[in-house]
Amino acid sequence: MHDLAIGFGATTAVHGIDFHIDEGETLALVGESGCGKSVTALALMRLLPPAARILRGRVMFGGTDLLELGARALRDVRGKRIGMVLQEPMTSLNPVLTVGSQVAEVLRRHEGLSRAAAMSRAAELLDLVGIPEPGQRVHDYPHNFSGGMRQRVMIAMAVACQPQLIIADEPTTALDVTIQAQVLDLLDGLRRQFGMAVLLITHDVGVVAQWADRVAVMYAGRIVEEAEVRPFFRQPLHPYARGLLGASVEGSGAHYTQTRLHEISGSVASAAGEPGCPFAPRCPEMIPACHDAMPPLESASAERRVACIRVPANGEVRRVAAVG
Amino acid sequence: MSSAVSASAAVQPRTSWRRAMAASRNPALVIGTSILIAVVLVALFASRLFPGDPQDMVGTPALWPGQEAEFPLGTDSLGRDVAAGLAYGARVSLLVGAVAAGIGLLIGTTIGAVAGYFGGWIDNVLVRLTELFQTVPTFILVIVIVTIETPSAPVIACAIGLASWPTVARLVRAQFRALREADFVTAARSLGYSSPRIIFGEILPNAMAPIIVTTSVLVANAILTEAGLSFLNMGDPNLVSWGSMIGDGRPLLRTAWFLTALPGTAIALTVLALNLVGDGLNDVLNPRSPGG
């Protein structure tokens, strides 16, 4: 994925973001609501709503640019080589078709299986994602399933053709916390089993710490920091990333805390803004130069890149005073 | 209240079964279906009940109902059996109604689905086309088509079908516009399904309830239109229909009013039954109504 920009009408929602996912790894895309995470995910599959347009950029997937692909070739990639798990399990399944037929349909479309073969494979897949009595459950309708179970069905559909990449757009946001861990464990287990890469979109820093290999932090339509998970949690470089970790208890490994959680002051600035760093108005370390231009995403060390004027490129990572 | 809700949620039977149960408790649906079944049975067994051509002059003209045991509903001005005419007329009415509704449904669903799903200029063009058809009164359009062609039952059915699709098209388009943004449609696209596959496999099954309800009204309207045509002597001259019986009985309206009243009642009952079925189905299939 290279220099992808997405616009809604006259405004630009995503400003040239740039990241890569290696085979078999989990990249977490984190950021608060409205920062462009989901739009980015939809753009990867070219599923943007009609109002949104891809302004420029490329999405390279195994050597082909998905943005250049014809309609038919694109449909062969969707579902077959890239699977997708959407945010809302309650509405993502067709309410009037049985669960089994929906899973089987994917196999019939992409693997050319017969109806009977697809149905028995669908039952196997439901078994794989941990749905009890899959033989009977294939005949049930989505309303017979709980949210967590439906999300398992969605995962079964996404992995049915053993794709190379799964895009999971906040797969657990709508679920109970206990179910959340089960679903993410399942996704992670399948990733290992099939050697898939996972693009995990989330706003939950705790989820990132536990399940991702690398993390890309988005703010106002830009990636502000990209790093391996361990060094990132040990020392986030971008002030926004630090704020994000400061606002969460889970980065420290604890599940509760006596001290007051840090909050990032202000609210998310509009992505359609003035020049300069979009985080500057909320940044505790803002200097006047921040308002001049958006700092580019530059390598701070071998494996990490950060877009902040106060983090010197390629240099020694400067100790910055702890936030809060 | 809350205990009843949780109890029904705990043992949730299959949707189809629950719908059937709700349907059997719906009086409009039960009455409508009963009348309709009776009419269908009479139509099916018309040749068994009344062997021979219903257009044959078999008795003394203008016999009142009950006057002679052989003709329980009397005879018309030419001595034709009214009861036989009603039975064979049911065939024509139901057949024309069903075929016309089928044609209207096919065209309307296709145009509405395509317009609603794709939107943009395709939608614009199809909506204008629909409005063009809607501005012409259905009955006039049917008369024009029938006069151009020969007035036979198939032509009449096609003409009514061609004139009645705009209602369906508008309904289906509205449904599709609402459903195309649904999450499961995005999910289907993310799985690489083609547009026809999504239209017919994913969205259409979800839009079925209002379409089924409209169908019953469509059949009723088609029956009325056919009766109107036959009354104006523009029906199929080789077939007895309820409308043509009313037309034939009109000159004797003062002396033998039953000649118009009986087929009129048949039309009214059938159309009423179809509307009752439509209302009942609306209650049963609509998830927002208490019956569903």
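This is a predicted model: local features need pLDDT of at least 70, side-chain atom pairs count only at pLDDT 80 or more; totals for chains, interfaces and linings use all residues.
## A guided tour of chains A and B

Setting aside residues within four places of A:V217 in sequence, its contacts are A:V30, A:G31, A:I223, A:V224, A:E225, A:H238, A:Y240, A:A241 and A:L244. Keep those neighbours displayed, as some of them return at the next stop.

**Stop 1**

Now select helix α11 of chain A, residues 239–246. Seven of its eight residues are buried, so α11(A) is largely enclosed by the rest of the structure. Colour the buried ones: A:P239, A:Y240, A:A241, A:R242, A:G243, A:L244 and A:L245. What do the buried residues of α11(A) pack against? Their partners in chain A are β3 (26–30), α9 (205–211), β10 (214–219), β11 (222–228) and α10 (229–234).

**Stop 2: the nonpolar core**

Next, show A:V217 together with A:V103 and A:L199. These three residues have the most contacts inside the largest nonpolar core, which has 163 residues. Which helix gives this core its largest share? Helix α5 of chain B (residues 82–118) does, with 18 residues. On the chain A side, the core takes at least three residues from each of domain 1 (2–220) and domain 2 (240–254 + 274–324).

**Stop 3: chain A as a whole**

Of the 324 residues in chain A, 44% are buried. Among contacts in chain A with a separation of 6 or more, 61% join residues 24 or more positions apart.

Colour chain A by its two domains, domain 1 (2–220) and domain 2 (240–254 + 274–324). Where they meet, eight residues of domain 1 are in contact with ten residues of domain 2. On the domain 1 side of that meeting, α9 and β10 of chain A each supply at least two residues, and α9(A) gives the largest share, three residues.

**Stop 4: a helix pair in chain A**

Select helix α7 of chain A (residues 147–159) along with α8(A). Their axes come within 10 Å and cross at roughly 15 degrees. Because the angle is under 35 degrees, α7(A) is roughly parallel to α8(A). The crossing of α7(A) and α8(A) is right-handed. To see the contact itself, show A:G148, A:Q151, A:R152, A:I155 and A:V159 on α7(A). Facing them on α8(A) are A:I179, A:Q182, A:V183, A:L186, A:L187, A:L190 and A:F194.

While you are here, pick A:E170, in the loop between β8 (165–169) and α8 (177–194) of chain A. Most residues other than glycine have a negative phi. A:E170 is not a glycine, yet has a positive phi of about 45 degrees. Is A:E170 buried or exposed? A:E170 counts as buried, because it has 22 C-beta neighbours inside 10 Å.

**Stop 5: where the chains meet**

Bring chain B into view. Here, 22 residues of chain A are in contact with 15 residues of chain B. On the chain A side, α2 (71–77), α3 (89–92) and α4 (99–111) are the elements that give two or more residues. The most come from α4(A), with three residues.

**Stop 6: inside chain B**

Return to helix α5 of chain B and select B:G97, which lies in it. B:G97 counts as buried, because it has 26 C-beta neighbours inside 10 Å. Leaving out neighbours within four places in sequence, B:G97 is in contact with B:V219, B:A222 and B:I223. Draw a distance from B:G97 to B:A157 as well: they are 60 residues apart in sequence, with 7.1 Å from C-alpha to C-alpha.

**Last stop: B:N233**

Finish at B:N233, in the loop between α10 (195–231) and α11 (242–249) of chain B. B:N233 is not a glycine, but its phi is positive, about 65 degrees. B:N233 is exposed, because 12 other C-beta atoms lie within 10 Å.

Terms used
Residues are numbered from 1 along each chain as its sequence is written. Chains are lettered from A and ligands numbered from 1 in the order in which they are written. Helices (H or I, at least four residues) and strands (E, at least two) are DSSP runs, numbered from the N terminus. A residue is buried if 20 or more other C-beta atoms lie within 10 Å of its own, exposed if 12 or fewer, and partly exposed in between; C-beta atoms are placed from the backbone. Two residues are in contact if their C-beta atoms, placed from the backbone, lie within 7 Å. A nonpolar core is a set of buried Ala, Val, Leu, Ile, Met, Phe, Trp, Tyr and Cys residues joined through C-beta atoms within 7 Å. Domain bounds come from an automatic or database domain assignment. Axes are lines fitted to C-alpha atoms, for helices over the stretch in contact, and angles run from 0 to 180 degrees between N-to-C directions. Angles under 35 degrees count as roughly parallel, over 145 as roughly antiparallel, 65 to 115 as roughly perpendicular and the rest as oblique. A crossing is left-handed if the near helix is turned anticlockwise from the far one by less than a right angle, and right-handed if clockwise.
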